[in-house]
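Dear colleague,

I am handing over the structure below and would be glad if you could look through it with these notes beside you.

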Amino acid sequence: MKSTFIERKKFILEQLEAKSLVDTAEIAGILRVSKETLRKDLAALEKEGLLTRTHGGAVKAENNTPLFERTVYRKNLYTEEKASICKKAASLIQSGDTIFIDCSTTSFSLLKYIDPGKNVTVLTNSIQVVMENEEYLHPNITLIMIGGIFQKDFYSFGGEFASDMLNNFLPNKTFISAMSLGEDGVLYDANMHNIDVKRYFINNSDKVILLIDHSKIGVRGGVQLSPISSVDTVVVDSHVSDSKLETLKSLVDHVVISE
């Protein structure tokens, strides 16, 4: 058992060298330490520039890992949960809706599950939402791309140029995700350049729907995006624990569990 930080550090870096990514639960089990201890270790190693933390683990430091590879890694975490969340969220979309889909990996497949018989206008600043759902862009969907400064890490557009476009749109439903939802009732995100776009749609939509998998609940960190009170509905996967579900229900009026 690796009981000291130095020993754990050596083991984590060896695993990253061998596999390019590590999973928090897996490594904590091997080292026989708590996941909280391992998260602290990963945070310390990130400060040293030795790795980049992700939801559920870490990848090699940014200067060693291609940006697209890290985006693909995030997309491949909790894929079944994310798909079920998007499928359930799509059932909340009605014909005639104008919706915004953000650039998070949780939201990527939402467009795929929209009923092709419904007339829907989709706004997004995510290139991957468009690329990965090209075959689902049926004639009843009008897709509008929010432009701006290209954010390579998220394959999206943001910044002040994007903000200039936003005043043209007032969707009735906004679908967002976040890096985490803290026990303090605050949503946190990872990219400051995309936050202004998300905040605009949070503040200028009739309904805000949060798509979040169970691993992101009860975690603080990143940049403050919005209080959870700004959200009308949360869609979460069925693997959410009873305690996390109770936390959600205490913070939001409407919680939907995906199948």
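What follows is an account of some helices, strands, aromatic rings and single residues.

The model is a predicted one, in which local features need pLDDT of at least 70 and side-chain atom pairs count only at pLDDT 80 or more, while totals for chains, interfaces and linings use all residues. Residues are numbered from 1 along each chain as its sequence is written, and side-chain values use heavy atoms, with hydrogens and water left out.

To begin with the strands, β1 (residues 21-23) is joined to β3 (residues 57-60) by three bridges, and the two run antiparallel; strands and helices here are DSSP runs, numbered from the N terminus, of E with at least two residues and of H or I with at least four residues, respectively. Two strands are taken to pair if DSSP finds at least two bridges between them. Within this pairing, Leu21 has Val59 of β3 as its bridge partner. Strand β2 (residues 51-54) is also antiparallel to β3, through four bridges, with Gly57 in β3 as the bridge partner of Thr54. β2 and β3 make a hairpin with two residues between them, and Gly56 in the turn has a positive phi of about 90°.

A further sheet, an open one of three strands, has the order β10-β11-β13 with antiparallel pairing. Its edge strands, each pairing on one side only, are β10 (180-181) and β13 (223-227). Two bridges link β10 to β11 (residues 186-189) in the antiparallel sense, and Leu187 in β11 is the bridge partner of Leu181.

Among the helices, α3 (residues 35-47) has 13 residues and reaches 18 Å from its first C-alpha to its last, close to the 18 Å expected at 1.5 Å a residue, where the expected span is 1.5 Å times one less than the number of residues. The buried residues of α3 are Leu38, Asp41, Leu42, Ala43 and Leu45; buried means under 20% relative accessible area, exposed over 50% and partly exposed in between, with a 1.4 Å probe and protein chains only. After α3 comes Gly49, whose phi is positive, near 80°. In the loop between α2 (24-31) and α3 lies Arg32, which has a positive phi of about 60° although it is not a glycine, and which is exposed at a relative accessible area of 65%.

Turning to the aromatic rings, the structure holds three aromatic pairs. The rings of Phe150 and Phe157 have centres 5.8 Å apart and planes at 50°, so this pair is tilted, whereas the rings of Tyr200 and Phe201, with centres 5.2 Å apart and planes at 85°, are edge-to-face. Rings of Phe, Tyr and Trp (its six-membered ring) pair if their centres lie within 6.5 Å, and planes under 30 degrees apart count as stacked, over 60 as edge-to-face and the rest as tilted. Phe150 is partly exposed at 37% relative accessible area, while Tyr200 is buried at 13% and Phe201 is buried at 0%. Phe100, Tyr200 and Phe201 form one aromatic cluster.

Finally, Asn125 sits in the loop between β5 (120-124) and α6 (127-131) and, at 2% relative accessibility, counts as buried. Leaving aside residues up to four places away in sequence, the residues that Asn125 touches include Phe100, Tyr155, Phe157 and Asn194, contact meaning heavy atoms within 4.5 Å.
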